[in-house]
Amino acid sequence: MIVEIIILAMIAAFLGLRLYSVLGRRAEHEEESVPNRFDPSGKQPPAAPPSAAAVPVAANPQPEITGVLPAVERGIREIAAADSRFDLTSFLEGGRTAYTMVLEAFWQGDRETLRDLCDDDVYEGFVAAIDEREAAGHTLENKLIRIEETKIHSAQLDGRMARIALLFVADIAAVTRDKDGNMIAGSLDDAIESRDIWVFSRNVSDKDPNWVLDETDEG
């Protein structure tokens with residue numbers, strides 16, 4: 001019986017030594033692997049450089065453009081990429097202002113203002129209409145009541161020439177008077193909806209940031 005106990009004790013001791021040997025080497029291996037994760041100075045290695053996909057591509061980002069055809073959005077993006085000063089929100093506001101100024105200048109026969117805002121062809125068309133009106137002794141007593149909607153109709157960059165067409169939906173009260181001041185057409189009490197498509201253009205290489213009206217059409 002004593003002999004059996006001694007033999008079992010020897011076996012247990014042998015197994016214990018083997019287990020300690022295996023666990024000891026494993027623990028040492030794990031402890032040695034830790035310094036390899038960091039620099040010995042305690043600083044982490046530099047991070048890998050960001051991929052090209054993480055670098056913004058657009059140098060002149062524009063607000064989200066909704067409700068337009070893909071070709072129109074593409075045209076706006078191309079214009080913005082070619083002209084670092086282009087801002088869609090400011091352009092739309094400027095377009096509404098130009099629409100108001102051109103209409104009022106035409107109604108009043110203000111050729112000087114029209115000259116500043118229009119290209120040669122459009123200017124000549126307005127002046128011809130003014131000359132005809134004045135020759136007949138007629139005057140306009142029109143009033144822009146409100147601009148209901150301003151929407152991008154088309155946009156394109158042709159070489160360095162940017163062209164953007166805007167659709168204006170407006171309510172206008174129109175009255176025509178003869179040389180004696182008598183009303184011969186229209187009414188100031190009933191506004192009529194007007195739908196106009198005006199094209200504005202600008203050479204993006206020019207220092208002058210102003211756009212000019214280079215085409216008008218009914219919408």
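The model is predicted, so to speak of local features a pLDDT of at least 70 is needed, side-chain atom pairs count only at pLDDT 80 or more, and totals for chains, interfaces and linings use all residues. Residues are numbered from 1 along each chain as its sequence is written, and side-chain values use heavy atoms, with hydrogens and water left out.

**Confidence**
- Mean pLDDT (the predictor's confidence in each residue, from 0 to 100) is 81 for the protein, with 71% of its residues at 70 or more.
- Residues 19–58 stay under 50 in pLDDT, and the model gives them three contacts (heavy atoms within 4.5 Å) beyond four places in sequence.

- Helices (H or I, at least four residues) and strands (E, at least two) are DSSP runs, numbered from the N terminus.
- Strands pair when DSSP finds at least two bridges between them.
- Strand 4 (residues 183–203) pairs with strand 3 in the antiparallel sense over 16 bridges, and A174 stands opposite S187 of strand 4.
- Five residues sit between the strands in the hairpin of strand 3 and strand 4, where G181 takes a positive phi near 90°.
- Strand 4 also pairs with strand 5 (residues 212–218), again antiparallel, over six bridges; V199 has E215 in strand 5 as its bridge partner.

**A look at D171**
- D171 belongs to strand 3 (residues 161–177).
- D171 counts as buried because its relative accessibility is 13% (buried is under 20% relative accessible area, exposed over 50%, partly exposed in between; 1.4 Å probe, protein chains only).
- Beyond its neighbours within four places in sequence, D171 has contacts that include K143, R146, E148 and E193.
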